[in-house]
Amino acid sequence: MPALACVDSYAADVFIPPSPQPSAAVDTWSPSLSSSLYRIDGWGAPYFSANSSGNISVRPHGNNTLPHQDIDLLKLVTKVTDPKQTGGLGLQLPVIVRFPDSAFDFAVQNQGYESHYQGVYPVKCNQDRFVVEDIVRFGSQFRFGLEAGSKPEILLAMSCLCKGNNEAFLICNGFKDAEYVSLALLGRKLALKTVIVLEQEEELDLVIDLSHKMNVRPVIGLRAKLRTKHSGHFGSTSGEKGKFGLTTTQIVRVVRKLREACMLDCLQLLHFHIGSQIPSTSLLSDGVSEAAQLYCELVRLGANMKVIDIGGGLGIDYDGSKSGETDLSVAYTLEEYAEAVVASVRFVCERRSVKHPVICSESGRAIVSHHSVLIFEAVSTVNHQADRDDIQFLLEGDDYEEMYSAVMRGDQERCLLYVDKLKQRCVEGFKDGVLSIEQLASVDGLCEWVLKAIGGSDPVQTYNINLSVFTSVPDLWGIEQLFPIVPIHKLDQRPGTRGVLSDLTCDSDGKIDKFIGGESTLPLHELESGGGRYFLGMFLGGAYEEALGGVHNLFGGPSVVRVLQSDGPHGFAVTRAVPGQSSADVLRGMQHEPEMMFETLKHRAEEVMHTKGGGEGEDVDEFGNVAACLDRSFHNMPYLATEEVLSMSNSLSDAVSNLGFYYCDEDGFDYLSA
């Protein structure tokens, strides 16, 4: 075992490998280079771009956005998180920023294939009230409707469509019981265009029986299991063995039963779903052609067919490659997707002399993915570098001399060998009780210095982020779905390192170490030592992530702001701001009672103060401080907070109903845009 001696680490005769010196060359980095590096033009067009200030800009009207209408994300986040006393909203990160008119209006218009197209939004993608209401409002002029797959969703959809277009569809999918069918039939009585889509053959008996009892003539659709199968991850529910739909044998029996009940005229819609993220138009055309043949056969059998519902599948180019080779990309544009659908339906129907049906789709991912951005902060990095003060014990003997000689010769291979050998022997000595923790730390520090000097140290840094992956990006953990993650500022500066992201949870899976483009690290900027904040954005996560997020480690949902483009000096107006779930909210959701917990802790504090027996005035002050601290902790979000946020905290009693505390109607005055 090598001997170690305690020495002065600043002595002249002690060898410390020199640190690499930064280059003095002028950096010519630019936002356009960052745009290429992070593929912003690929996945972000036409809604996101890197502006001349080095920040991410939101282009709320897509390609029709004028230069003065861009929304600077950094300015927006600053306004949202700044304390109220300085003119901000005082919200805590992480925060979801929604831009409703940026995606909904554009997407709905571009899917409006005149009178032959009539889409619906599947509310399962994001059931948030304001998301659904915005879609109904923007889509009203195009008869855009909703799709529901459960009883709460059908109640939500019926309520929202009361303010929508009277011709909009309400497609009722999912497994059904008597209550579900009754709600759908009630929708017909309320003059809503509800369509009950049969997922199982047995559901038909419920529909026939309840429609007679309620004296309602239903509109019925059926979901077909196509032979065309999507081979990717998202195609697992397609094909003959898929989870949903009827086989050809079951379809024939349904037609026979409807004819016997004198209700064949009620069968008006054929629905199918190839799978989400359809990679190519060739696969799409195959599936639509097969479905169109089924549609024509139903017409031949006497059904009063009017609508072909192609389901979801319109994909998102998450990695900007436009390749269609993985589940992260698709090899077509929206226009090409639409052309493939229309051409396939037209060809089959004209060959069979069948009237062209109304084409319906359920493209939820394409509607809402772009509409929101998740903003979070990198708060620290894991530092493995040793300081000179850490190296207080240096080697005496051959191991040190050999390593020193290898460093001076520039023999990298020998250096790595000696470092590995030295660390292994010292760890054995520590386990045997020969070395102290200070001595082992000195060896680790010295070895790190050597590796850094010869360029052998790990260049990848771990950035700790103020976020829960399980709450805000559950698909990343659950199915390894990747989303674009980009710094929302400093894009005019060259990233100085590559890193992986580690979240706040006490879980080894709470990390992000896979990124678009097949990368295992992300180019990042060094955190400023003076306390400057570093904001990252996760894009294209508007579908599913909020609905699927859990409360692992009791980290609740993030804050949410709704933003519209404005002609004021800031370029935006915040029309709604909702603080994220507090600790009390999350605890209440797990059947705890925060108010009772608070009283229990206050009672314990009183007991402890009384037992301690201090001065009466001193006890009163200390108890007040303890109670205030507990009160704030119940009210605050579970995420890491700045001192400004902590000082702004309200009482628990003010946070029982965590509703939006700021609202400005789009037509009204908004101080953030003034």
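Which strands, in what order, make up the open sheet with antiparallel pairing? The open sheet of 3 strands runs β2-β3-β4, with antiparallel pairing. Helices (H or I, at least four residues) and strands (E, at least two) are DSSP runs, numbered from the N terminus, and two strands pair if DSSP finds at least two bridges between them.

Before going on, note that this is a predicted model, in which local features need pLDDT of at least 70 and side-chain atom pairs count only at pLDDT 80 or more, while totals for chains, interfaces and linings use all residues. Residues are numbered from 1 along each chain as its sequence is written, and side-chain values use heavy atoms, with hydrogens and water left out.

**Stop 1**

Select β2 (48-50) and β4 (71-72), which stand at the edges. Each has a single partner strand, so one side of each is left without a neighbour in the sheet. Ala50 has Ile56 in β3 as its bridge partner.

Step back to the loop between α2 (40-43) and β2, where Pro46 lies. The peptide bond from Ala45 to Pro46 is cis, with omega near 0°.

**Stop 2: helix α3**

Select residues 73-81, helix α3, where Leu73, Leu74, Leu76, Val77, Val80 and Thr81 are buried (under 20% relative accessible area; exposed is over 50%, partly exposed in between, with a 1.4 Å probe and protein chains only). Looking down the axis of α3, the buried residues fall within an arc of 160°, so they line one face of the helix. The arc is that of the directions from the helix axis to the C-beta atoms.

At the start of α3, show Asp72: one of its side-chain oxygens comes to within 3.0 Å of the backbone nitrogen of Leu74. Past the helix, in the loop between α3 and β5 (95-98), is Pro94. The peptide bond from Leu93 to Pro94 is cis, with omega near 0°.

**Stop 3: the sheet of 8 strands**

Now show the open sheet of 8 strands, in the order β6-β7-β8-β9-β10-β11-β12-β13, with parallel pairing. Its edges are β6 (120-122) and β13 (358-360); each has a single partner strand, so one side of each is left without a neighbour in the sheet. Neighbouring strands are turned by 25° against each other on average, direction ignored.

At the β13 end, 3 bridges join β12 (residues 307-309) to β13, and the two run parallel. Val307 stands opposite Val358 in β13. Axes here are lines fitted to C-alpha atoms, for helices over the stretch in contact, and angles run from 0 to 180 degrees between N-to-C directions.

In the loop between β11 and α10, pick Gln277. Gln277 has a positive phi of about 55° although it is not a glycine. Its relative accessible area is 1%, so Gln277 is buried.

**Stop 4**

Go to the loop between α4 (100-110) and β6 and select Gln118. Is Gln118 buried or exposed? Gln118 counts as buried, at 7% relative accessibility. Its side chain makes a polar contact of 3.5 Å with that of Arg143. A polar contact is a pair of N or O atoms within 3.5 Å; within protein, one must be able to donate a hydrogen and the other to accept it, and residues adjacent in sequence count only if both atoms are side-chain atoms. Not counting residues up to four places away in sequence, Gln118 touches residues including Phe142, Glu167, Val358 and Ser361, contact meaning heavy atoms within 4.5 Å.

Asn165 is in the loop between α6 (151-161) and β8 (169-172), and counts as partly exposed at 22% relative accessibility. Leaving aside neighbours within four places in sequence, Asn165 is in contact with Ser140 and Arg143. The side chain of Asn165 reaches the backbone oxygen of Ser140 at 2.7 Å.

**Stop 5: the cores**

Select Leu73, Leu76, Tyr121, Leu267, Ile375, Leu501 and Phe539, the residues with the most contacts inside the largest nonpolar core, which has 138 residues. A nonpolar core is a set of buried Ala, Val, Leu, Ile, Met, Phe, Trp, Tyr and Cys residues joined through side-chain atoms within 4.5 Å. Helix α10 gives the largest share of this core, 9 residues. A second, separate core of 16 residues includes Met403, Leu435, Leu446 and Leu451.
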